[in-house]
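Here are a few notes to go with the model. Keep the structure open beside you and look up each residue as it comes.

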Amino acid sequence: MKLGSKATKFQIIMPRVKPFRGVRPPVALVEEVECRPYDVLSSEEARTEAGDNLKSLYHIIKPEINFPEGTSEYDPRVYESGAQQFAHFQEQGWLVQDAEECYYLYAQTMNGKTQYGIVLCAHVDDYMNAVIKKHELTRRDKEDDRMKHVSGTNANIEPVFLAYRPNAVLAALIEKYAAQNPEYDFIAPIDGFRHQLWVIADAEDQTAITQEFAAMDALYIADGHHRSAAAARVGAERAAADPNRTGDEEYNFYMAVCFPADQLTILDYNRVVKDLNGHTKENFLEALTKNFEVTPKGAVAEYRPAEIHEFSLYLDGEWYSLKAKPGTYDANDPIGVLDVDISSRLILDELLGIKDLRSDKRIDFVGGLRGLGELKRRVDSGEMQLALALYPVSMEQIMTIADTGNIMPPKATWFEPKLRSGLVIHKLD
């Protein structure tokens, strides 16, 4: 099948994965090299975190820090610098390519809970044919940015975060390796979470992993939609320039970490709004009663939604419980039943006049790791006038939306912990 071609109704396409020769830091250097992913911090934060550490991967994934402050991250020189730094890291021995193809097992421990993901290469055809399923729209400018970075470095420096439905054979393999001493084991700064990595070099175990993924119906993008799209575009571009393409070339694959869906933690993704759109506090609360049961909770430290279709409102120093009334959503509509959709339609749009979550400057979003205290702080400071806390989306809801070909509303999911960058890198040749 050609890249980007569509499967017919008579074809059954299963995920195609493979091991790869990972490029990674020596054990003694891993904590100097590894860092947070490129898209969770600003250029200024990356510059500060890198400091005078020349081995920090930020020099590759946020290469604007290699230039004077104020240099655009989209400057052509920045992409060139990222590629030069990747070559420099290998020349210095700060990154070394494994001699043989391997799978890797990656574990993250947050608040006493550990999730285990298999680091592998997925095929770009599977993304193009929706065997690797998405639940978010991508922006062309962000795709372009990641495509330039992948093309320039000739590598997937950072992995895509995928999920799969639980699998007993893979669970047993994971348990086997997790009982052994890991290659890497460290507590990361900033997030304070534990990160571990094992190398899976055994041929029989590699075959088992490849076969188990090949028997699955689909993989699901949890995080990394733009990286997936960019990888597919790079693959298509190189395939078009390669008359002898077989589909097995390394550029046809991109790096991902695949976790069983039942291990993943999705946190609430909350909203703060600058004003009441002309409403007084009293008539805003009254207007809410049309679609919600409104219950005052008082000036407590925080009030968290206890179940789906319940929201927490913080306004004028007090918390309120908002429970969506029957008839305000369609339980058979995979999008309309989501709390992000209910709150967007009935509160943000209908009452506050916020039509476009991506572009309206009156709204901002706060990931659940910051806690409800951050919502309270931003309102109490006068920066914002109200905060709205949501019950987290479930992984089952995400997979249902992806399976039905739907797209999640903006700012709906917040996965934690984030993947650390620099533990393994995939080269495209």
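1. Start with Lys290: apart from neighbours within four places in sequence, Lys290 is in contact with Lys325 and Glu350, where contact means heavy atoms within 4.5 Å. You'll find Lys290 in the loop between α10 and β15 (292–298); helices here are DSSP runs of H or I with at least four residues, strands are runs of E with at least two, and both are numbered from the N terminus. Lys290 counts as exposed because its relative accessible area is 59% (buried is under 20%, exposed over 50%, partly exposed in between, using a 1.4 Å probe and protein chains only). From C-alpha to C-alpha, Lys290 and Ala179 are 55 Å apart in space and 111 residues apart in sequence.

2. A quick word on what you're looking at: this is a predicted model, in which local features need pLDDT of at least 70 and side-chain atom pairs count only at pLDDT 80 or more, while totals for chains, interfaces and linings use all residues. Residues are numbered from 1 along each chain as its sequence is written, and side-chain values use heavy atoms, with hydrogens and water left out.

3. Now for Phe284, in helix α10 (residues 281–288). Is Phe284 buried or exposed? Phe284 is buried, because its relative accessibility is 0%. Not counting residues up to four places away in sequence, Phe284 touches Leu276, His279, Leu313, Leu315, Ile347, Leu351, Leu352 and Leu386. Its C-alpha atom is 57 Å from that of Val199, 85 residues apart along the chain.

4. Phe284 also turns up in the largest nonpolar core, which has 64 residues; those with the most contacts inside it are Phe284, Leu288, Phe292, Leu313, Leu322 and Met395. A second, separate core has 32 residues, including Val17, Leu170, Met216 and Cys258. (A nonpolar core is a set of buried Ala, Val, Leu, Ile, Met, Phe, Trp, Tyr and Cys residues joined through side-chain atoms within 4.5 Å.)

5. How many aromatic pairs does the structure hold? There are 10, with rings of Phe, Tyr and Trp (its six-membered ring) pairing if their centres lie within 6.5 Å; planes under 30 degrees apart are stacked, over 60 edge-to-face, and the rest tilted. Phe89 and Trp94 make an edge-to-face pair, because their ring centres are 5.1 Å apart and their planes at 80°. Phe89 is buried at 0% relative accessibility, and Trp94 is buried at 12%.

6. Phe161 and Phe415 form a tilted pair, with centres 5.4 Å apart and planes at 55°. Phe161 sits in strand β8 (residues 160–164) and Phe415 in strand β20 (residues 414–416), so this pair ties together parts that are 254 residues apart in sequence.

7. Finally, have a look at His123 in strand β5 (residues 113–123). His123 is buried, because its relative accessibility is 2%. Leaving out residues up to four places away in sequence, His123 touches Arg16, Ile132, Arg245, Gly247, Asn252, Phe253 and Tyr254.
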